[in-house]
Amino acid sequence: MRPILWALALAPFTLAVKHEDFKTCAQSSFCRRLKGIAKRQAESTSTFTSPYSVSPPTISDDEGRYTFPITSSLYPEIRFELRVDVLAEGNGIVRLRMDEVASSTGLRRYNETARWALVEAEPMLAGAGDSSVRTEKGKTVIRYGPKEAKLELEIQHSPFKITQSREGRAQVVINEKSLFHMEHFRKKKEKVEAVVGEAEQMVLGGDGVDRAWFEEEDDEAFEERFRQWTDSKPKGPEALSVDITFPGVEHIYGLPEHASPLSLPDTVGPHAHYSDPYRLYNVDIFEYLADSPMALYGAIPLLHAHSASHSVGILNLVGSDTFVDVEHTHTGVHTHWMSESGILDLLLLPGPRPSELFKQNAILTGTTALPPQWSTAYHQCRWNYVDETDVMDVQRRFDEVDIPLDVTWLDIEHAEEHRYFDWDAKHFPDPVRMQEAVAAKGRKMVAIIDPHIKKVDSFRIYSDAKDLDILVKKADGSNFEGWCWTGSSVWVDFFNPNSWDWWTRMFSFATWKDSTPSLFIWNDMNEPSVFDGPEISVPRDTIHHGGWENRDVHNINGMLFHNQTTQALIQRESPAQRPFVLSRSFFAGSQRFSAIWTGDNMGTWDHFAGETAMLLSNNIAGMSFSGADIGGFFGNPSPELLVRWYQAGAFMPFMRAHAHLDTKRREPYLYPEPTRGLIRDAVRTRYALLGVWYNAFHDASTQGWPIMRPQYVVFPEDKDGFAVDDQYYVGGEGLLVKPVTREGATTTEVYIADDQPYYDYFTHSLHPAQATPHNLTLSTPLSAYPVLIQGGSILPIRQRIRRSSPLMWQDPYTLIIALSKSGEAEGQLYSDDGTGYGYEGGEYVWRRFSLSLSAKGKGKKGGKGRMLRSERHPDSMEKEKERNGWAEKVGHVGVEQVVVLGLEEEPRDVKGARGERVEWKWEAGAAAGASGKGEEERASRLVLKKPGVGIVGDWQIEIS
Ligand SMILES: *[C@@H]1O[C@H](CO)[C@@H](O)[C@H](O)[C@H]1NC(C)=O
Ligand SMILES: *[C@@H]1O[C@H](CO)[C@@H](O)[C@H](O)[C@H]1NC(C)=O
Ligand SMILES: *[C@@H]1O[C@H](CO)[C@@H](O)[C@H](O)[C@H]1NC(C)=O
């Protein structure tokens, strides 16, 4: 959010982003300097060689860690060091770190990004025998990873170049374009010399590259102006340039957060789609553009490079302002990373397929924390629900129109003068009463706690933080002050460990007497947003713990606030309960804490259409628990747009409607039919599928798998799907979703890559399997949108929807079984108490369902015998306790129906778990194995009523 006055001034909402508030590459001294190298190189006719080399060509080898001295011929007196770590886990992850060593200036580059982003700042090294090294003429080769993968890292000594290869094929090349450059620390007076020194000539020979060519003089290297702000840059230039090439791939994905396609288009070269590089610099951007490489609220410096034959990934641990240029050529994709400060700390994820990349990233940065189950249900937010009556009204009116709701949110106006923690007593006279009344309906509340702290001595949060001396400082050592919702404000430095216990205490029920166990938190504005700061944030020369500048840690900052709030919620109860904290800012590793959303989007069709790709990008970069404001934060969406947005929102991992203060109220109950009914249908669909969503969250939390999976992830060999970013699969559950994002669309095309039949989730019509990839054209009047079940899947759904999800815990399930073309299917159901940590000790139920052709039935004439089984999920064996509290609690939860879609004919008999005859209903229709020309037909349906089985314990049902 941004100031009310500005927002009012901008109404109606037709204005777009204020470009001039944010720096372009050309307006950033470091980006100008580093991009200059690339430009001159591109324009130069002579060959250009990197001045960097391994010199002297020695290596020290210390059991999985190899160290190389590096020098630049331009500055022979400066020493750099490259460290190569071969990691123990992940089937061949390599970590490359490079820093300037022993600078005579005494200055140091920031080297602690990994401390925050990674689960272990120093991941374990592979053992001595797990890698080997040999030095040949002019290069050193390290062989590592699983034997059959034949992974090699070749370090060419001069010019310096690193190539990672698998089975002899290069997959990642660093410094292929000679753009690697680590600006060494220097005194201001040491001006860049235009004269070519002896040393340079010696090494660079006739190619004309001298210091001035490589480091163009830049007046702003030591002090930089942007609009009315001056950045003091006390350490001078310390930028880092690295070019990374991915040979043999056609697509790269990742680098969230940008409002851009999932497969990143070029920013340079003949096919440039954007004129500026992708930027990673967490900012509060007002009415961002729907298609742009501009920086947004979060930053994950992770890329996947993908082709039909291989996938590799890189995680570049840098927390400073970073611009990335992208260019596709016929040989591969080139990227050029330009960062303002920090060491090189680059992790090479070897793949070789997307599934392994997710595991490798999870080993490094962790997995999605398993959220409280209710937080995967529907959230209703608005700036603002004005008082207690309003909040209770929302509860009542949702109930009246029979739309389920789990969470009601309070934006900034709930706090007295935006002094978070202090409720506005006039409008919320008894916050505990209100929270308890909401909780009595099985619901929760979320209140906003932003990082800006009102600077008045009477406010305990301010006086505490000041006394503890844990505030972000200005360059001169005094506390930094800026302007935000609260007026004059200060910010806690969450890099300072002294802030941690204190912040945790602020959330204890004893300290925060106006909070209850059903109140959860929203951390907005944590880039942080500072209304009167450069680029609406803190100045880069503000100081954090350890003397580091905001410049060094800018993109990490928001994650630390998110983490500490999350820790505080975990600790406020005993035994601990799972936290829910929504953050706007994020970094690599934020998935370990809680959810994020895509910030202040607009209620327009183009913003809506772009959200799917943004969410997919977050998901593949590890940040699965994300969503976009349903309806758009700004503006007044038409009923049609709102309905479409709810339909899409029902299939986003985080499902919340939100709206700006100046928008018309748009709670679903305010609309006449048919709008209200269509919204109701969408929300209820989410509730029917909550078990499926929880399966996907569980897989994400254990395996690092994304929840929203794009085509290239599910079908890594299907080239036609590589650029598709407007449809996706939900976890590994066999649900294919395509939001309808075109106004007035009466049909929608869905791309099908595999040769399975697909079934309409709502109508159970069957789209027969086809041998080759194809598009289905589906009829999508406003009441319909493509949600397809992939043949071969079993979905555990619930048909009774209650007013909130916790009230549904003992309702029976229905198993929807969509047969594959060979007539089989499988699925899962993971469940636990949904709120605590008992699952970590085995208090859960995890079933695997399968419907397979039974040996007995196979030979029989006419019809095939089948066995439907429920058994303990094979991956569950070790941890799930034989008898556990949760299993006992849900021992009586039954399966009320089994629906089998696509059987070839009516069975003759169905025997239940105890050999008893099970009642069924048969509706003739198309069979799963039918070959068709894409003609849609109703699938045959076998409905087993009351099959007499539950979700705990093994059982089987025989269909013959
Ligand atoms: C960061 O650099 C300092 C100084 O070179 C060193 O002492 C420290 O161990 C480094 N920290 C990490 C995490 O590499
Ligand atoms: C999260 O907080 C815990 C303690 O509260 C701390 O140990 C950990 O380093 C923090 N991680 C991040 C990324 O802030
Ligand atoms: C499916 O439709 C898309 C978009 O209209 C098109 O680009 C693509 O070529 C089609 N694919 C197939 C296999 O027909």
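Domain bounds here come from an automatic or database domain assignment. The model you have open is predicted: local features need pLDDT of at least 70, side-chain atom pairs count only at pLDDT 80 or more, and totals for chains, interfaces and linings use all residues. Residues are numbered from 1 along each chain as its sequence is written, chains are lettered from A and ligands numbered from 1 in the order in which they are written, and side-chain values use heavy atoms, with hydrogens and water left out.

**Stop 1: the largest pocket**

Start by selecting Pro806, Asp832, Asp833, Gly834 and Thr835, which lie nearest the centre of the largest pocket among its 34 lining residues. A pocket is an open set of points on a 1 Å grid over the protein atoms alone, with protein on both sides within 12 Å along at least five of seven lines, and lining residues have an atom within 4 Å of a point. The volume is about 710 Å³, where a volume is the space filled by probe spheres set on the points, and points are joined across faces, edges and corners.

Now colour by domain: domain 2 (373-452 + 496-706) and domain 3 (793-959) each give at least three residues to this lining. Helix H15 (690-703), strand S43 (825-831) and helix H18 (885-889) each supply at least two. Helices (H or I, at least four residues) and strands (E, at least two) are DSSP runs, numbered from the N terminus. By class, the lining has 16 nonpolar, 10 polar and 8 charged residues. Ala, Val, Leu, Ile, Met, Phe, Trp, Tyr, Cys and Pro count as nonpolar, Asp, Glu, Lys and Arg as charged, and the others, Gly among them, as polar.

**Stop 2: the second largest pocket**

Next, select Asp699, Gly732, Glu733, Glu826 and Gln828, the residues nearest the centre of the second largest pocket. Its volume is about 540 Å³, and 23 residues line it. Domain 2 and domain 3 again contribute at least three residues each. H15, strand S41 (793-797), S43 and strand S44 (845-853) each bring at least two. This lining divides into 5 nonpolar, 12 polar and 6 charged residues.

**Stop 3: ligand 2**

Move to ligand 2 and show its shell: Arg115, Trp116, Trp500, Leu560, Asn563, Gln564, Gln567, Arg592 and Phe593. A residue belongs here if one of its heavy atoms lies within 4 Å of the ligand.

Alone, ligand 2 exposes 360 Å², and the protein buries 75% of that; accessible areas come from the Shrake-Rupley method with a 1.4 Å probe.

Helix H3 (113-117) and helix H11 (550-571) each supply at least two shell residues, and H11 gives the most, with 4. The shell holds 4 nonpolar, 3 polar and 2 charged residues.

**Stop 4: the largest cavity**

Keep H11 in view, as it also gives the most to the lining of the largest cavity, with 4 residues. A cavity is a set of grid points where a 1.4 Å probe fits but cannot get out. The structure holds 8 cavities of 30 Å³ or more, and the largest has a volume of about 110 Å³. Of its 13 lining residues, Pro451, Trp491, Val492, Pro528 and Asn557 are closest to the centre. The lining has 8 nonpolar, 5 polar and no charged residues.

Pro528 sits in the loop between strand S28 (519-523) and H11.

**Stop 5**

Select Trp383 and Asn384, whose connecting peptide bond is cis, with omega near 15°. Asn384 is in the loop between strand S22 (378-380) and helix H7 (388-400).

Then go to Lys233, in the loop between strand S13 (229-231) and strand S14 (240-247). Lys233 has a positive phi of about 40°, although it is not a glycine.

**Stop 6: ligand 3**

Finish at ligand 3, which is surrounded by Glu749, Pro773, His774 and Asn775. An N or O atom in the Asn775 side chain is 2.3 Å from an oxygen atom of ligand 3, and a polar side-chain atom of Glu749 lies 3.3 Å from a ligand oxygen. The protein covers 36% of the 360 Å² of accessible area that ligand 3 has on its own.

Note on methods:
A polar contact is a pair of N or O atoms within 3.5 Å; within protein, one must be able to donate a hydrogen and the other to accept it, and residues adjacent in sequence count only if both atoms are side-chain atoms.
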